[in-house]
Amino acid sequence: MDVEFDFIFRSIGWESVWNINEQGSKLLTLEFLCTLQLTDTEVKFRLFGKEFFIPWKEFSLLLGFNSQCVVDVDSALQDFDKMKF
């Protein structure tokens, strides 16, 4: 799994997200990624053993995306095959 995460993060330019040398951060990252579930309306995940349900808009703000940034997801991901990823 570590090799797959390294490849994925390198592919999307998030190398610094994965390689943090702080005690516990790698385990929290694994817990988050392994429990991450996406729906049409929200993002579900676990951290510190607690379940979180966050609407997409709030999740994007927590990640630091500009609230005025509007992306047509259907257009941006039209050739993306989730099952092959």
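This is a predicted model: local features need pLDDT of at least 70, side-chain atom pairs count only at pLDDT 80 or more; totals for chains, interfaces and linings use all residues.

Colleague: Fine. With that cut-off, is Glu31 buried or exposed?

Modeller: Glu31 has 16% relative accessibility, which is under 20%, so it counts as buried.

Colleague: And what does the side chain of Glu31 meet?

Modeller: Arg46. The two side chains form a salt bridge, 3.4 Å from N to O. The structure holds 1 salt bridge.

Colleague: Where do the two partners sit in the chain?

Modeller: Glu31 is in helix H3 and Arg46 in strand E2, 15 residues apart, so the pair links distant parts of the chain. Arg46 itself is partly exposed, at 33% relative accessible area.

Colleague: OK, the sheet. What's the strand order?

Modeller: E1-E2-E3, an open sheet of 3 strands with antiparallel pairing. Strand E1 (37–38) and strand E3 (50–55) are the edges, each pairing on one side only.

Colleague: How many bridges join E2 to E3?

Modeller: There are 6, between E3 and strand E2, which covers residues 42–47.

Colleague: Which strands does helix H3 touch?

Modeller: E1 and E2. Helix H3 (residues 25–35) packs on the sheet, and its direction makes about 140° with that of E2.

Colleague: Switching to rings. How many aromatic pairs are there?

Modeller: The count is 4 aromatic pairs. One of them is Phe45 with Phe52, which is stacked: the centres are 5.3 Å apart and the planes 20° apart.

Colleague: Are Phe45 and Phe52 buried or partly exposed?

Modeller: One of each. Phe45 is buried at 6% relative accessible area, while Phe52 is partly exposed at 27%.

Colleague: And how do the rings of Trp56 and Phe59 sit?

Modeller: Their planes are at 85°, so that pair is edge-to-face, with the centres 6.3 Å apart. Trp56 and Phe59 are 3 residues apart in helix H4 (residues 56–62), which means they are separated by about one helical turn.

Colleague: What about accessibility for Trp56 and Phe59?

Modeller: Trp56 is partly exposed, at 35%. Phe59 is buried, with 13% relative accessible area.

Colleague: Which residues make up the aromatic cluster?

Modeller: Phe32, Phe45, Phe52, Trp56 and Phe59 form one cluster.

Colleague: How far is the C-alpha of Leu38 from that of Phe53?

Modeller: They are separated by 9.9 Å, with the two residues 15 apart along the chain.

Colleague: Where is Phe48 found, and is Phe48 buried or exposed?

Modeller: Phe48 is in the loop between E2 and E3. With a relative accessible area of 69%, Phe48 is exposed.

Methods:
Residues are numbered from 1 along each chain as its sequence is written. Side-chain values use heavy atoms; hydrogens and water are left out. Rings of Phe, Tyr and Trp (its six-membered ring) pair if their centres lie within 6.5 Å; planes under 30 degrees apart count as stacked, over 60 as edge-to-face and the rest as tilted. Buried means under 20% relative accessible area, exposed over 50%, partly exposed in between (1.4 Å probe, protein chains only). Helices (H or I, at least four residues) and strands (E, at least two) are DSSP runs, numbered from the N terminus. Two strands pair if DSSP finds at least two bridges between them. Contact means heavy atoms within 4.5 Å. Axes are lines fitted to C-alpha atoms, for helices over the stretch in contact, and angles run from 0 to 180 degrees between N-to-C directions. A salt bridge is a side-chain nitrogen of Lys or Arg within 4 Å of a carboxyl oxygen of Asp or Glu.
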